[in-house]
Amino acid sequence: MMKRFMLPLCAGFLSQTLIAQNKAAQQKDTLVGENAITVFTATKTERKLTNVAVPVQIISQKTIQQAGSLRLSDILSEQTGLFMTNGFGTGVSMQGLNPDYTLILIDGEPLIGRTSGVLDLRRIAVGNIKQIEIVRGPSSSLYGSEAMAGVINIITDKSKINSLGLTARYGTYNTADIGLKAGIRSSRINYQGFGNFYRTDGFSIRPNSRERSIAPIERITQQHQLGFRISDRTQVSVSFRLNNETIQNNITVTNNGNAINSVGYEKNNDLNTSLQLAHKFNEKVKNTTRLYGTFFKSIQDLITDNGAPYVDEFRQSFGRAENQTDIQFNKRLEMNVGGGYINETARSTRYDNSSSVKTNRIGYAYLQTEWKALDQLILIGGARYDHNELFAAAFSPKLALQYKINPKLSLKASVGRGFKAPDFRQLYLNFTNTAAGSYSVFGSVEAQKIIGELNRLGQISSLEPAFYGLNTLKPEFSTGFNIGIHFQDSKWLVSANIFRNNIENLIDSRLVAYRTGGAQIFSYLNVKNAFTQGIETDVQYKMNKNLSLTAGYQFLLTGDQAEIDAINAGKVFTRDQNGFSRRMSRSEYVGLPNRSKHMANFKILYAKNAFFANTRVVYRSRWTTTDTDGNGLFNSNDAFAKGYVQVNAAAGYEFNKGLSVQAGTDNLLNYTDVINLPNLPGRTFYLTVSYQFFNKNPK
Amino acid sequence: MSKMKKMILVLGIAIGFVACTKDDNGGSTNVVSTITVKDLPADTIIGITPGVPPTGGFPYGAGRYTFFSLESNKIVPASDSASNKWDLAFKGTTIATNSGNSGPGGAGAFVFVGLFDDLKTIPADSTFRIDNAPTAFAIPTGSNRAWYAYDGINQLVNPIPGRVLVIRTATGKYAKVEILNYYKGGTTPATTAPDAVKLSTQRYYTFRYTFQPNGTKTF
């Protein structure tokens with residue numbers, strides 16, 4: 001009975017992916033202009049890239065390989081408008097928003113295990129990625145929480161052929177990477193397996209430092225996908241991914257001239273499993289059911305010279321059941337309707353009680369309609385409703401349109417709403433840093449309770465105004481507007497997108513109370529509004545059969561409207577050369593920290609027969625890092641990191657018998673900034689050899 | 001130990017060299033002059049407690065206030081602390097006034113948000129607070145409360161621009177004070193400076209002030 005019910009319920013996604021597979025290897029970039037490239041992420045259904053109304057970029061497997069990328073952050077750092085953030089791992093900032101607000105998916109399923117809102121992109125190996133799909137602009141109408149700036153979806157390889165390949169790379173700092181990839185395909189079964197081992201000694205660019213800015217790391221990733229075709233209409237697939245990493249931490253604190261050393265390990269594991277069942281009732285109706293479970297565990301174990309071990313544990317789980325039905329009413333009208341249920345848990349030594357499990361349950365439903373009103377005009381309307389157990393519900397609508405002026409030129413416009421639910425840390429953190437002034441940070445659920453109790457015991461010396469603002473946290477919201485133009489012919493591809501994101505209810509930590517003795521207590525409140533706006537442009541020029549050039553540029557302005565109002569009202573001050581206070585002017589305001597106004601990239605690619613060579617240049621203009629004039633906002637009188645240029649180059653050759661070699665160098669100009677870019681090593685080199693044992697189409 | 005001695009020595013020298021300069025604001029007798037005081041030591045750091053946080057590793061000074069008279073533009077010896085001879089006393093980021101339980105004087109203070117030069121007359125309805133140490137000073141202690149913001153990431157104390165300390169002196173006259181800097185030489189170390197530099201150069205106040213000797217609230 002149950003089985004009979006499940007079967008028709010489940011279907012669709014798989015058939016879609018299989019259709020995609022049958023279209024064979026279309027491993028092209030957005031910028032290599034092939035009309036047949038398909039994209040899934042933008043509409044949660046398979047679409048021709050040229051028919052997608054929202055800004056989408058695709059990075060192909062070939063581009064990833066030729067850039068010599070190992071981890072997801074490597075390849076994203078070379079894309080227009082994206083930059084990598086340091087601290088709590090390597091995160092990605094899109095359209096000027098923090099890493100917290102970009103949803104990262106693997107085959108459509110979200111990754112968890114964020115630290116301070118940052119998902120460390122170095123956890124993701126790129127060796128088995130078929131393509132990376134980047135959707136810019138709020139996409140919560142389909143994906144729910146976290147899709148405020150956009151979505152990055154990693155589409156992994158599906159086996160099209162029987163294959164077995166091995167790749168080995170070695171480079172500076174004893175960085176080694178070995179990848180094994182295998183595919184088996186018969187008429188009913190396809191299997192794709194991937195294993196990756198990565199290790200590095202790490203490095204420090206700070207002279208005479210025992211502590212490394214990139215610590216020695218070992219990572220082992222494995223991923224298996226098994227698909228089974230029950231009938232022409234029904235497919236089932238299971239996938240499994242496990243990533244284990246061990247980071248060796250040597251931390252030195254200098255105290256009164258004496259170095260206190262700690263040695264320890266950080267062990268992170270993430271596991272993703274999914275089961276998908278897709279059924280095609282007829283040519284017009286498809287149904288997909290997806291069950292997904294993911295677990296993340298992080299354990300930090302530190303032992304200092306003088307005793308006192310330190311253990312920090314964090315465990316998180318996310319389980320989801322989702323069903324989506326795609327209905328094609330006619331050639332002009334299609335509808336996707338879906339819903340699901342999420343169960344999330346977390347526990348941590350940094351919560352009130354490491355054994356108590358915090359839980360959130362979410363039920364959601366979404367609907368999207370795509371209407372081809374005219375041959376040139378596609379309209380998309382959609383909305384999603386997320387009902388949360390722990391905080392207010394979120395409603396996320398989206399509207400998009402594409403107008404094809406002629407076969408080469410099209411316009412896109414979209415407006416959408418995105419949200420990010422408060423995370424467990426913001427709700428339940430209960431952390432006192434005895435190592436630095438004994439300040440405490442309490443999640444919003446804990447804060448009032450704990451401070452009330454401390455107050456009763458006479459341990460609070462004063463309550464700050466923010467204390468009275470403590471309330472049930474609301475989700476953070478963004479409203480995004482994107483207007484773009486896209487031109488493409490046989491030689492040129494030009495795209496430009498103007499964006500504006502209004503972000504409301506931003507959650508930030510605020511000082512809420514002082515303990516007797518002066519220690520500060522912080523908690524989280526919905527306090528800030530911000531905006532980001534700018535333009536992203538990409539130009540590609542295919543000079544001839546062998547040579548192509550691409551250039552990308554992003555102009556970005558950010559700010560906080562409340563801060564701008566205060567400046568305009570003459571209530572913000574800075575200092576002159578004498579150190580005397582003076583009023584700050586609007587033109588001195590820089591907006592949000594760590595953002596560059598200008599970011600650009602330039603790539604030259606040469607390919608002839610089995611040989612390729614490329615040079616990739618990435619530029620970031622200066623960005624502000626610290627409020628040194630004490631006025632609480634960022635202006636031209638504050639500390640800035642210098643703008644810089646990074647040049648990467650690679651070349652490779654593919655021999656006849658499945659053997660290929662590639663050599664490359666990253667940061668050719670050897671640019672370093674000890675303070676602001678501790679994770680950027682100087683010039684590094686690598687050599688990669690890969691061998692394809694066999695690569696056959698099944699009979 | 002010898003390090004500590006050295007630091008005490010440095011402290012002593014620093015006190016000896018407190019420089020007070022006077023920039024006369026034109027010759028008119030109606031205009032009161034603005035004085036800049038440089039490198040006033042305020043319980044400068046003489047050592048670090050043994051051990052590591054949370055039990056140790058904290059920098060400390062001798063625990064003494066530096067008493068200052070706005071009227072005479074001079075440091076007042078600690079032996080005169082129980083008198084009307086001083087107006088403000090500095091210890092770390094704490095600025096005490098000769099009022100309440102800090103001293104026998106009739107001082108008081110409040111924080112004015114705005115520019116030093118814009119404060120031409122103290123509004124008649126202003127309320128001067130008095131000290132109730134250690135919890136409630138007339139000039140509130142703590143980051144982002146009165147005159148400074150603490151940058152915890154870089155461990156630097158930055159005076160907040162646009163904050164004027166409006167002072168009633170021990171003898172009931174009025175002055176306005178703007179704290180300009182908290183580090184020796186009037187320059188905050190770079191965020192990237194070594195901890196040792198940040199520690200050894202802190203707790204030296206540079207400030208400017210205008211004192212109105214005629215007892216009015218107009219500068």
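**View 1. Chain B and its contacts across the sequence.** Of the contacts in chain B with a separation of 6 or more, 55% join residues 24 or more positions apart; a contact means that two C-beta atoms, placed from the backbone, lie within 7 Å. This is a predicted model, in which local features need pLDDT of at least 70, side-chain atom pairs count only at pLDDT 80 or more, and totals for chains, interfaces and linings use all residues. Residues are numbered from 1 along each chain as its sequence is written, while chains are lettered from A and ligands numbered from 1 in the order in which they are written. Chain B has two helices and 14 strands, which are DSSP runs numbered from the N terminus (helices: H or I, at least four residues; strands: E, at least two).

**View 2. An open sheet in chain B.** Here four strands with antiparallel pairing follow the order 6-5-7-8; a pair needs at least two DSSP bridges. Strand 6 (74-76) and strand 8 (94-97) of chain B each have a single partner strand, so one side of each lacks a neighbour in the sheet. Look at strand 5 (residues 66-69) of chain B: three bridges tie this strand to the antiparallel strand 6. Across from B:F68 you will find B:I75 in strand 6.

**View 3. Two nonpolar cores.** The largest nonpolar core has 61 residues, and A:V39, A:V52 and A:V126 are among those with the most contacts inside it. Such a core is a set of buried Ala, Val, Leu, Ile, Met, Phe, Trp, Tyr and Cys residues joined through C-beta atoms within 7 Å, where buried means 20 or more other C-beta atoms within 10 Å of a residue's own. A second, separate core of 46 residues includes B:Y148 and B:L165.

Definitions and conventions
A residue is buried if 20 or more other C-beta atoms lie within 10 Å of its own, exposed if 12 or fewer, and partly exposed in between; C-beta atoms are placed from the backbone.
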